[in-house]
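Reader: I am new to this structure. Please take me through the contact between its chains, then some pairings inside them.

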Amino acid sequence: MDFKKLKVSPVAPEADDRTPVEVIVRVKRSKYVPKEISVRTQIDNKLFTAETTLGVVKLLRSDPKVADVEISERLRLIE
Amino acid sequence: MSSGMPFFEETDVTVLSNPARIEELLERVRTLLEQRATTDGNKSERQMVGLSVDSFVGTNITNMDPHLQFAVARKRIGMTTSVTASTNADEIAVLARVVNAQDWEDRSEVRIPTIVGVALGGEVIVTGRIPLSRIEAVRSDANVLSLKAARELKPALHASTQETGASASLLPASHLANGGQGVVVGIVDFGADFAHLNFRKPDKSTRLLAVWHQNGASVPGGPVAFGREYSAAEINAALNTSTPYQSLGYGPASDLPGRPPGTHGTHVMDIAAGNGMGSTVAGMAPQAELVFVEVSTNDIPWSGPNAVGKSFGDSARLLEACKYIFDKAGHKPCVINISLGTNGGPHDGSTLVELGLDSLLSQPNRAIVIAASNSFDDGIHAAGTVPQGGHIDLHWEVSAQNISADEFELWYAGADRFDLEIIAPDGTSLGRIQPGETLPLSNANQELVVFCSNRLDDSSNHDNMLGVFIQQKTASWNPAGTWTLRIHGMVVTNGEFHAWIERDDQSQSRFAPPHDNSHTLGSISCGQLTIAVGSYDAHKAARSISWFSSAGPTRDGRMKPEVSAPGHEVEAAHSRTLTGRTPKSGTSMAAPAVAGICALVLAESQNRGLTLTIQQLRAILEQSARRSPPAGNAWDSRYGHGRISASAAVQAVIDLATTGGGGPGPTATTTAKPTKRAAKSAVRSATATSKKSSAKKKKAT
C-alpha cells in the first residue's frame, strides 16, 4: 500500500443535518425541555431521551440551558 | 447401533493421539448427549456421562475402574442403585474402548450403545448402559479393552451457587432471603426463552412480569414508547399453545452454526434467578420475579452478513430499558443486570448514560450490576505521560484481515494541549493536527479512509480527546500494518493520558506489545453507583482470575470492578430446550451472579424491615467479599474488593437488623479494607436509615 498517495480531503465530511438520531439530553434547569424536541423517556428531572436530527443536536448544543447532549452510542454484548 | 449424528467429520484414526483433540471430541460427545437428553427427556444424562481424557488415556485394562468396583460392591451387598433419567435401576452408564463396535452393540446387556469415535489402531470408543450384575461379564469380554464408569459432572452453575454461598443451605440459618422472593430481577440482554422451565412457576405459568422487545413491532397506544411489550398474561397465553414463540411473536433465536449454543439473555437470566425447575440447578435468586428487556439499536441493519449472530444495543435505549424495569418493579426492590459495553469512552463515569444509570439509583432498594468486560488480554489500552515539548509514540497494529473499521481515542486533561501526528505503516507522516482541528484523508478513489480529530473541552467532563478512525480494507485500500500515533506535548500541566482501541469482534486491532492491560473496563462500566463485576474460575481450587476479565481502575482512579464472581465455564439454561443447559464464559456470566446475590440481600433487608441505599448495598457487598484470592487486603484491579459472598452479605444484613449500631456512612465503600470489622461498620450505615425509617413508620402510625 502506498500511503504517500493519500491526500487531505478538501472538505471535512459533514453528516446530513436531517440524519435521524436518538439522544440523551441533560439540562441545567429541572424539567426544562428545549422547544425543538419532545421527550421520549424522562429519566429524571434533568435527564431525558429523545428522537431528533443532527441539525437539532447542533441547536441543542448552543442552548445555554442544555448542559450536554449525547448521541446514542452503539453498545455491544459483552460475551 | 445408534450412532446419532457423526462425531467425526474426519476419518483420521490417529486423532485420539492428540489430548487436546480428544478433549474437543469428548466435549462434542457431551453436547450431543445433552441434546439427546433434552430431546428424550433424559435430563440427567449430562451429569451421568462425564467423560475425561484421564479416564481413557493410559488405561490399565487389568484393573477395574474403582467406580465400577464400587457399583459392583454395592450390588453384591444388596444395595440398589437409584433409577435416573438416563439409567434404569441397577444399571450404570459406561464408557468403553472396544475392538469391534458391532460386537459391543450385539451384547444383549448393553443398552443404548453409541459410537463415540475411533482410537489408534482402529479401536472404537463407545458408550452404553449395562446392568450392574453384568459389569464383570462385559469387562471380561475380549472385545472390551477398557471399561469405565461415566463420572458425574457437577454443573457449573451449581459450582457458582455453592462457591458464592448463595445456595439456601449455605446462607445463614436464620436468613429470610427466601430465594429473592419479593424482589424483581431485571435483565437487559438478548434472547429471553420464556418457555424454559427455569423461568416458570410450578403451575408452569411464567415468572416474567413482562418482556419489552425494543425492536418489536410497535402497537399504537401501547404501553411502551417503541417496540413491543409482552405482558405476563400474553406470555402465559402463548405458553398454553404448542408453538409459544410463534404465538407470542417473540422468542430466543435458534442456535446458529459456528456460534455458541444458546442465547445470551436466557443464560444470564438463569444465573441470576433461574429456579432449576427445568435444568435441575437453580440460580442465585430462584424466587425472584423477572423482567426482561431485549435491547436494540436504531442505527444498524438487522439483516445481512454483518448482523448475523451479532447483538447490539445503544446507550439511549439501554437507559430507557433500565427506567422501564424500575417502573415495572414499582415499590418492590429491584436489581438490573447489564452485559453491554464497548472499549472506548472517557472511563470516568461522565457519559450521560452512566450519569443516567446513577440517577436511577437515587431511590433505595435498587441496584444496577454491569459486566466489567472481557478485554483484559486484547491489547486495547495504552497510557503514559507526555512531556512538555516532547512526544510519545503509540504503535497501533492493524491486521491484514481488517474487515471492519478501526477506531482509536485518547483522553487527556482539559488544561493540556497535545498535537496529534499520524504516521502510516510505511513511515509516511500523513499530517499533524493541533487542538480543534481535524484531518480527513482520502485515497486515489476519493474514498475517505482516515479521519483524525483533536477535540477540546468535551461537554461531559471538559477533558480533551484525540480520535482516529481508519476505514476497513477495500479493493483500493489496505491499512494493514503498524501505524504510529505521535502525541506531541505542546502545553503540558499534567501530561497524563489514557488511550483505547475500540472493540471490533471481526478483526480487532491492538497496540503493539508490551501491553498495559489496566483500565480495560467497558465503556459504561465506570459509573459512580453501578456495580462492575470481574470473573474468576470457580472450578479451580486457586479461584484463578479469568484470563479475559478486564482490569480497573477507572481513568479517574476509582476502584472498579467492585467485586468478582464465578464467570468461567458457567453452565446455565440453554434456550429453546425447555430443560437444557449450556456452558458459557465471560464477565457476562459473573455479573448476573452478583445481581442475583443483590436480590437475596434486598430480600433479606426487606423482610427485616430495612431499606438499603445503593451506597449501603455496595458497602455490604464489597466489605463482605472474600480474599485469598485476591491476596492481601487492598483492592485488586481484577478481583475488586474480593470474591462475592452471598452468605456473608446476607449475614451482614442480619447483623444490621439484629444488632443495629451507628457507624461510618457509606463513604466507607471505597476506603475501608474488607475485614469483618469493616463489614460490620459498613452495615451500621444502613442502621441509621433503618432507624429513621422505623421512626417514620411509628410517627405515621
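Predicted model: local features only at pLDDT ≥ 70, side-chain atom pairs only at ≥ 80, totals over all residues.

Reader: Which element gives the largest share of the side of chain B that touches chain A?

Author: Several elements of chain B each supply at least two residues, including β9 (312-314), α11 (352-360) and α12 (587-607). The largest share is seven residues. That share comes from α10(B).

Reader: What area do chain B and chain A bury between them?

Author: The contact takes 64 residues from chain B and 36 residues from chain A. B:Glu320, B:Leu352 and B:Arg503 supply 15% of the area that chain B buries there, more than any other three residues. Carbon and sulfur atoms hold 59% of the total. Between them, the two chains bury about 4200 Å².

Reader: Which residue of chain A meets B:Glu320 in a salt bridge?

Author: Three salt bridges cross the interface of chain B and chain A. In the one with B:Glu320, N and O lie 2.6 Å apart. A salt-bridge network also links B:Glu320 with A:Glu22, A:Glu51, B:Arg317 and the residue you ask for. The partner is A:Arg40.

Reader: Is A:Arg40 buried or exposed?

Author: A:Arg40 also forms a salt bridge with A:Glu51, at 3.4 Å. A:Glu51 counts as exposed, at 51% relative accessibility. A:Arg40 has 15%, and the cut-off for buried is under 20%. Therefore A:Arg40 counts as buried.

Reader: Which residue is the bridge partner of A:Arg74 in β9(B)?

Author: Strand β6 (residues 74-77) of chain A pairs with β9(B) in the antiparallel sense. Three bridges join the two strands. In β9(B), the partner of A:Arg74 is B:Asp314.

Reader: Which strands stand at the edges of the open sheet in chain B?

Author: The sheet has five strands, in the order β17-β16-β21-β14-β23, with antiparallel pairing. An edge strand here has a single partner strand, so one side is left without a neighbour in the sheet. The edge strands are β17 (429-433) and β23 (510-511).

Reader: How many residues apart are B:Asp463 and B:Arg555?

Author: These two form a salt bridge, with the closest N and O atoms 2.7 Å apart. B:Asp463 is buried at 16%, and B:Arg555 is buried at 15%. Their pair links distant parts of the chain, in two loops. They are 92 residues apart.

Terms used
Residues numbered from 1 in each chain as written. Chains lettered and ligands numbered in written order. Heavy atoms only, no water. Contact = heavy atoms within 4.5 Å. Buried area = accessible area lost by both parts, 1.4 Å probe. Salt bridge = Lys/Arg side-chain N within 4 Å of Asp/Glu carboxyl O. Helix = DSSP H or I, 4+ residues; strand = E, 2+ residues; numbered from the N terminus. Pairing = 2+ DSSP bridges. Buried < 20%, exposed > 50% of the residue type's maximum accessible area, 1.4 Å probe, protein only.
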